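This briefing is intended for a reader who has the sequence and the coordinates at hand. Its points are grouped by topic.

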Amino acid sequence: MPIRILHVDDEPAHLEITRIYLKKEAKDDFVIVSVLSAKKALKELENDDFDVIVSNYKMPARNEIEFLDVVKRNGKSANIPFILFTGIGGPEVAEKALNVGAEGYVTKRGCPATQCSRLAHVIREQAQRDEDDGFERTKVVRYSPDTLSLA
């Protein structure tokens with residue numbers, strides 16, 4: 001069963017590059033829903049189920065730490081592994097995110113293929129950890145093609 005990923009980034013180019021490399025890395029193992037804001041991500045979380053959330057750090061209106069806090073306080077999404085995927089910050093941002101409840105931190109610095117390979121590894125690791133902890137991955141009955149929401 002594919003891993004359902006909610007990918008949040010305010011840069012359309014970053015969403016597309018990451019989607020391309022993740023799909024190349026994971027083949028049919030990932031279904032990726034991409035959105036351009038935390039607000040849109042919260043709507044997706046209300047209406048759909050995901051196995052992992054991947055989010056950029058610095059976004060307009062709400063940074064990733066604020067978004068992470070809202071996700072972890074929501075009963076429906078609290079147990080979804082949250083991975084910070086960003087080019088901004090460093091150890092202090094990673095530590096803050098992990099203290100608020102993030103399960104992973106992957107930097108965008110460097111070669112996109114290498115970054116996305118590492119991200120794919122962390123996504124699989126978190127999805128497997130959920131299964132090992134007794135959380136069953138979402139069973140998707142309907143066809144869910146990858147989307148890029150620009151609205």
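A residue counts as buried when its relative accessible area is under 20%, as exposed when that area is over 50%, and as partly exposed in between. Asp29, with a relative accessible area of 40%, is therefore partly exposed.

**Confidence**

- The chain has a mean pLDDT of 81, and 81% of its residues reach 70 or more.
- Residues 135-151 form a stretch over which pLDDT stays under 50. For this stretch the model has 35 contacts beyond four places in sequence.
- Where pLDDT is low, the predicted coordinates should not be read in detail.

**Helix α1 and Leu22**

- Helix α1 covers residues 12-26, which is 15 residues.
- The buried residues of α1 are Leu15, Thr18, Leu22 and Ala26. Because they cover an arc of only 75 degrees around the axis, they lie on the same side of α1.
- Leu22, placed in helix α1, has a relative accessible area of 2% and is therefore buried.
- Apart from neighbours within four places in sequence, Leu22 is in contact with Lys27, Phe30, Ile32, Cys116, Leu119, Ala120 and Ile123.
- One of these contacts, Ala120, is 98 residues from Leu22 in sequence, while the two C-alpha atoms are 6.3 Å apart in space.
- Lys27 follows α1 and has a positive phi, near 55 degrees.

- In helix α2 (residues 38-47), Ala38, Ala41 and Leu45 are buried. Viewed down the axis of α2, these buried residues fall within an arc of 55 degrees, so they line one face of the helix.
- Lys39, Glu46 and Asn47 are exposed on the other side of α2.
- Met59 is located in the loop between β3 (52-55) and α3 (64-73). Its relative accessible area is 9%, so Met59 is buried.
- Not counting residues up to four places away in sequence, Met59 touches Val8, Asp9, Asp10 and Ala38. Ala38 is also one of the buried residues of α2.
- Met59 and Ser37 are 22 residues apart along the chain, and their C-alpha atoms are separated by 7.1 Å.

**Strands β4 and β5**

- Strand β4 (residues 82-86) runs parallel to β5, and four bridges join the two. Thr86 stands opposite Thr107 in β5.
- In a regular strand the side chains alternate between the two faces of the sheet.
- For β5 (residues 104-107), Gly104 and Val106 make up the covered face, whereas Tyr105 and Thr107 make up the uncovered one.

**Salt bridges**

- The model contains seven salt bridges; three of them are described below.
- Asp9 and Lys108 form a salt bridge through their side chains, at 2.5 Å from N to O. Asp9 lies in the loop between β1 (3-8) and α1, and Lys108 in the loop between β5 and α5 (112-132), so the pair ties together parts that are 99 residues apart in sequence.
- Both Asp9 and Lys108 are buried. Asp9 is also among the residues that Met59 touches.
- A salt bridge joins the side chains of Arg124 and Asp29, at 3.6 Å from N to O. Because Arg124 lies in helix α5 and Asp29 in the loop between α1 and β2 (30-35), this pair ties together parts that are 95 residues apart in sequence.
- Arg124 has a relative accessible area of 30% and is therefore partly exposed; Asp29, at 40%, is partly exposed as well.
- The side chains of Lys72 and Glu103 meet in a salt bridge of 3.1 Å, N to O. This pair links distant parts of the chain, with Lys72 in helix α3 and Glu103 in the loop between α4 (91-100) and β5, 31 residues apart.
- Lys72 is buried, with a relative accessible area of 18%, whereas Glu103 is partly exposed, with a relative accessible area of 32%.

How values were computed:
Residues are numbered from 1 along each chain as its sequence is written. This is a predicted model: local features need pLDDT of at least 70, side-chain atom pairs count only at pLDDT 80 or more; totals for chains, interfaces and linings use all residues. Side-chain values use heavy atoms; hydrogens and water are left out. Buried means under 20% relative accessible area, exposed over 50%, partly exposed in between (1.4 Å probe, protein chains only). Two strands pair if DSSP finds at least two bridges between them. pLDDT is the predictor's confidence in each residue, from 0 to 100. Contact means heavy atoms within 4.5 Å. The arc is that of the directions from the helix axis to the C-beta atoms. The expected span of a helix is 1.5 Å times one less than its number of residues. A salt bridge is a side-chain nitrogen of Lys or Arg within 4 Å of a carboxyl oxygen of Asp or Glu.
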